[in-house]
Amino acid sequence: MNRTAIDLWVGIFVTIGLAAIVFLALKVGNLASFSTVPSYRLEARFDNIGGLKLRAPVKAAGVVVGRVDRIRLDPKTYEAVVALKIDNGYQFTKDSIASILTSGLLGEVYIALDAGGDAVLLGDGATIPKTQSAVVLEKLIGQFMFDKAGSGGGK
Amino acid sequence: MLAEGVFDGLRRVGAGAINAVSRLGFAARFFAVVLIHSPAALKRTRLTLREIYFAGVLSLVIIMVSGLFVGMVLGLQGYDTLNKYGAGDSLGIFVGLSLVRELGPVVAGLLFASRAGSAITAEIGLMKTTEQLAAMEMMAVDPLARIVAPRFWGGVISMPLLAALFSMMGVFGAYLVGVRLIGVDSGAFWGNMRAAIGFWPDVTNGIIKSVVFGVAVSLIAVFEGYDAKPTAEGVSSATTRTVVEASLAILALDFILTVFMFRGLGG
């Protein structure tokens, strides 16, 4: 083993070692920047997004058609603005409904897109007009208890 | 007759204890002397680079292959159990946390101790047996600065990088099995993992652990080599001791570090 070969190997070793630390730190950064599928953006506004996370899937009829790209709060209306990246192959009509659902009781949170019958399609950057917020289980249970107490009473 | 036997046994216990304490003291002084000689050794980067090559680069294959397999097994076992509770999407969290916090530093450390630590001990022990160390002293070359310190630092520098590579390959293996084979959603895998694992405390704690293990394994390896009896038998038993002591040190230190990291000093 001569000197330059050792230098080269140590250089490779240190570089990939540091790269591994960076990988662990970023946890494979934003996967979207790696994806090669061309996509366009849609926005949807929700009153409450529940446990929705970045990179959560967007499904239409159960098929993954895109990913959640960005989540922010509109400081004026206090609505959550969710940016979706949809694969170019899928177009949605203007009266589509976006709703936040959970797969199973403990499963992941995703956005379901239900296409409507309108002839006009949503273009890049458009906002989905109709949305349905996440169901917050605690609120639902609270409401149920409240209704039960109000109606039943004596039972 | 019976009293004789009891005394004999007690004497043996006492001799063992005194021997252990004096060896521990010798090891601590040896550590201090290695640190004192380190600046001079580190100035000659060539020596340390050569040791990084032997300790780190040559351990790459075993570390990466083991990491991949450990990750794949974690993916299979983790999914099987998590899916019983309908939480298969949390596979990324499970795999990421166990690798970054525990398995990465610990398993990489154990592999490093048996792959590189034993080689360092055997090399230094054989140098001592063939009187190369004595010859160096005759030529006014300090073997601590020329032989021991570079090997120590080569190990200390290689260990965190190897642990990080192990964790990375493990996550990749779990991704292969979990996402590609079983069909966990890749967004849920990575998204949940990134949401649950923080750079500070999780990743940094893993790096701190691997640095501590690197110091422990390298110190034990060079000490056992330097302290080996200058016979063929002595070198062989020193090599064995390195692997046993380094493995026990890693596991014990891991417990102590984990207590401090996740329970805090106050308890």
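The largest nonpolar core in this predicted model has 75 residues, and the members that touch the most others are B:V148, B:L162, B:L165, B:V217 and B:V222. Helix 6 of chain B supplies the largest share of this core, 22 residues.

Take B:L162 from that list. Leaving out residues up to four places away in sequence, B:L162 touches B:G56, B:S59, B:I63, B:A108 and B:F112. There is also another core, apart from the one I started with; this one has 21 residues, and A:A44, A:V65, A:V68 and A:Y110 are among them.

Now chain B as a whole. Which secondary structure elements does chain B have? The C-alpha atoms of chain B fill a box of roughly 65 × 60 × 35 Å along the principal axes. Of its 267 residues, 45% are buried. If you take the contacts in chain B between residues at least 6 apart in sequence, 87% of them join residues at least 24 apart.

Helix 3 of chain B, residues 60-84, is worth a slide. How far apart are the end C-alpha atoms of helix 3 of chain B? They are 36 Å apart, and this agrees with expectation, because 25 residues at 1.5 Å a residue should span 36 Å. The buried residues of this helix are B:I63, B:G67, B:V70, B:G71, B:M72, B:L74, B:G75, B:G78 and B:Y79. B:I63 has already come up, as one of the residues that B:L162 touches. Helix 4 (91-129) and helix 6 (143-182) of chain B are included in what covers those buried residues. After helix 3 of chain B comes B:G86, which has a positive phi, near 70°.

Next, where the two chains meet. On the chain A side 27 residues are in contact with 29 residues of chain B. Helix 1 of chain A, residues 3-26, gives the most to the chain A side, with 13 residues. By type, the chain A side divides into 18 nonpolar, three polar and six charged residues.

That leaves the sheet in chain A. Eight strands form an open sheet with mixed pairing, in the order 7-1-4-3-2-6-5-8. Why do strand 7 and strand 8 of chain A each have one side without a neighbour in the sheet? Strand 7 (126-128) and strand 8 (130-132) stand at the edges and have a single partner strand each, so one side of each is left without a neighbour. From one strand to the next, the twist averages 30°.

A few of the pairings in detail. Strand 1 of chain A, residues 39-46, runs antiparallel to strand 4 of chain A, residues 80-87, and eight bridges join them. In that region A:L42 stands opposite A:L84 of strand 4. Strand 3 of chain A, residues 63-73, is also antiparallel to strand 4 of chain A, with seven bridges. There A:R70 stands opposite A:A83 of strand 4. Strand 3 and strand 4 of chain A form a hairpin with six residues between them, and A:Y78 in the turn has a positive phi of about 60°.

Last pair: strand 5 of chain A, residues 97-102, and strand 6 of chain A, residues 109-114, run antiparallel and are joined by six bridges. A:S99 stands opposite A:A112 in strand 6 of chain A.

Conventions: Residues numbered from 1 in each chain as written. Chains lettered and ligands numbered in written order. Predicted model: local features only at pLDDT ≥ 70, side-chain atom pairs only at ≥ 80, totals over all residues. Buried ≥ 20, exposed ≤ 12 C-beta atoms within 10 Å, placed from the backbone. Contact = placed C-beta atoms within 7 Å. Helix = DSSP H or I, 4+ residues; strand = E, 2+ residues; numbered from the N terminus. Nonpolar A, V, L, I, M, F, W, Y, C, P; charged D, E, K, R; others polar. Pairing = 2+ DSSP bridges. Expected span 1.5 Å × (residues − 1). Core = buried A, V, L, I, M, F, W, Y, C linked by C-beta atoms within 7 Å. Axes fitted to C-alpha atoms, helices over the stretch in contact; angles between N-to-C directions.
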